[in-house]
Amino acid sequence: MRYFLKCPRCDNPIAENQKFCTKCGINFEMEFKKNYPPDFVSKYELIFKEIELKGENDNLYAELAQMFFEKEKYKEAIFYFEKALSLNDKNYQATLGAGISYLKINHIPKAQFLLHKALELNPHSIQAIEGLFYIYAMDEKNYPAALELAQKIYKQKSSDLNFLETVKKIYLSLHQYENARKSIEIILSLKPEENKLKYLLKELLYINIKMQDYSYAAKIAENLYDVKDDPVISIYKTFSFLKVGEFDKAINSFKNIEPYIFSVVEPELIEMLTDSLFEISNFYFSQGNLKAAKKFANYLVKLKSNPETKQLLAKILLYESLNYTKKSKFLSAFVNFIRAEMIYPGITKKADGSIISAKRKTIAKLKIYGFITAIYLIALLIFIIDFNLWKKSNEIKNSLNKFSKMSGILISQNVFQNSKIFLNEKEFPNFNKIPYYPIYYRAFVEPGYYRINIKPNSSKYNDTLLIYTLDPGEFVYIDFSFSEKPPEIGIITGSNVILRSDHSIASDVVSRLNKGESVKILDRWTATDPSEAITIREVYLQTTAWTKILLNRGKAVKILSENNGYLTVSCEYQGRIVTGILPSDVVEKTYGQLWFKIQTNNGKTGWVFGKFLQERY
């Protein structure tokens, strides 16, 4: 009788009928009875006695395997399923059980082979079809085949949330929005957990926008709260409300977008955002609120500069000029007229009579005040120049308190960490290091012509620069710069660091990298998804099934919701997605942080999260 495949304490290999571990000395029978309940142990021993009496039997081994399978001991289950198949390779239960067990431990090729074989032995096997469905659902190119299998078992699995979620994901990827919407509606009818509800409503809102069913989308938006760290929901809501004319609700939702407005990078979201800005700006313009209209039009032109958006902003500026003229603020009116023409040339000629009349009146008034205005502007310019010279003079004098004739040079900490600075072949005794990028240098010396020679470690940055006189005063000031190439070499700073196919924790794993490994940097990307995060230390995830899973440091998770210092997250574990709860202080969001596209020494290309890579020159 075999109690374990290997010693549960020290992993030492075990022979058949071995009672004690030759390495750590534990009694396998006693350890087995500690690990399993009495009814399990009794049944296990009974089956082995039957095998001893009747001889080896494939059905008895399959029954043993099923016992371990139900305890989620998949490696032990595989051992006995394989024993059954070695006696009878046509045993359907053993074939099916082995296939599902291999799937559970993410051994996909073996699982696929055995599940296909089980389907040959029993063409109507729901479990075999379901197992193959989940395998095909792992690869986008197999999505059509996965859907064919799903149709065969849809009736039997219509209340299985995991199955329905997977089917929905495939429909969305294939842009079959009608079917995806039906799947979500079925899932919602099954009353999923609260943490999944918001995510499903967000997807349903997006699908209805894609289907241009804006009435339905607006109804969903009514029941979906704005999330502070998720501007995507607010973009969807704003867009949907505007499409049905609910401007007040749209503007209220837009407030959550403003802090992130220039961080949006996905083309589809930018298109929704610019359409919304155009509608809101036009709405305020029609209400006579030119200040608000201009604010949203300025956002719009910065996001999407084209003739249509420029014309809107220019038109608002013209009407603002008209108001300034009525209030006798002719200079402000004139500035707006000029801005409008610069933004959209010829806009004034196409305007109505009141605008043209206001422009003529403004110009006439400015001719009268022209001389005074010119003097005022010249005086202002002189003041600005004098003020800047005064600031520079004070800065120079402060520097000279530290150094006698030479005050120092501000240089890049990255490139010139160990550089030497020479002035007329004489080395500077000291200088300050500030990490500017691009690099700016400043030096303050006595009058005259000098040569500054910067000698860093790398010869490609060597340069000799001449100082020029800014003003025949007491000191000479220089301000010059050149572009610095970003580092092209990186060093991996973590152990077992994941190399991914894209700049997202949801992308596929390409490889794993070792600490200290040198790589070539190809590109950089700033993370834009506020729901993506990584664990900053080892932590147990309390799953929704009330089990605990150990997550290693650096484990990628997706934040579904936040509540009173705890996060509801999902992550991949042993080939499946699990959901659970973590304290908020054990994860770090990737939003706004760098990803690096790199190439390894063996030619593999992918993306690494910036926290695990240090740039080197």
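**A first look around the model**

Visitor: Where does Lys 168 lie?
Guide: Lys 168 is part of helix 9, residues 161–173. Helices here are DSSP runs of H or I with at least four residues, strands are runs of E with at least two, and both are numbered from the N terminus.

Visitor: What should I know before going on?
Guide: This is a predicted model, where local features need pLDDT of at least 70, side-chain atom pairs count only at pLDDT 80 or more, and totals for chains, interfaces and linings use all residues. Residues are numbered from 1 along each chain as its sequence is written, and side-chain values use heavy atoms, with hydrogens and water left out.

Visitor: Is Lys 168 buried or exposed?
Guide: Lys 168 counts as buried because its relative accessibility is 3%. Buried means under 20% relative accessible area, exposed over 50%, and partly exposed in between, using a 1.4 Å probe and protein chains only.

Visitor: Which residues is it in contact with?
Guide: Beyond neighbours within four places in sequence, the contacts of Lys 168 are Ala 180, Ser 183, Ile 184, Tyr 199, Leu 200 and Glu 203. Contact means heavy atoms within 4.5 Å.

Visitor: New topic: where is Ser 263?
Guide: Ser 263 sits in the loop between helix 14 (247–254) and helix 15 (267–286). Ser 263 is partly exposed, at 35% relative accessible area.

Visitor: What does Ser 263 touch?
Guide: Not counting residues up to four places away in sequence, Ser 263 touches Thr 528 and Tyr 591. Ser 263 and Thr 528 are 265 residues apart along the chain, with 7.1 Å between their C-alpha atoms.
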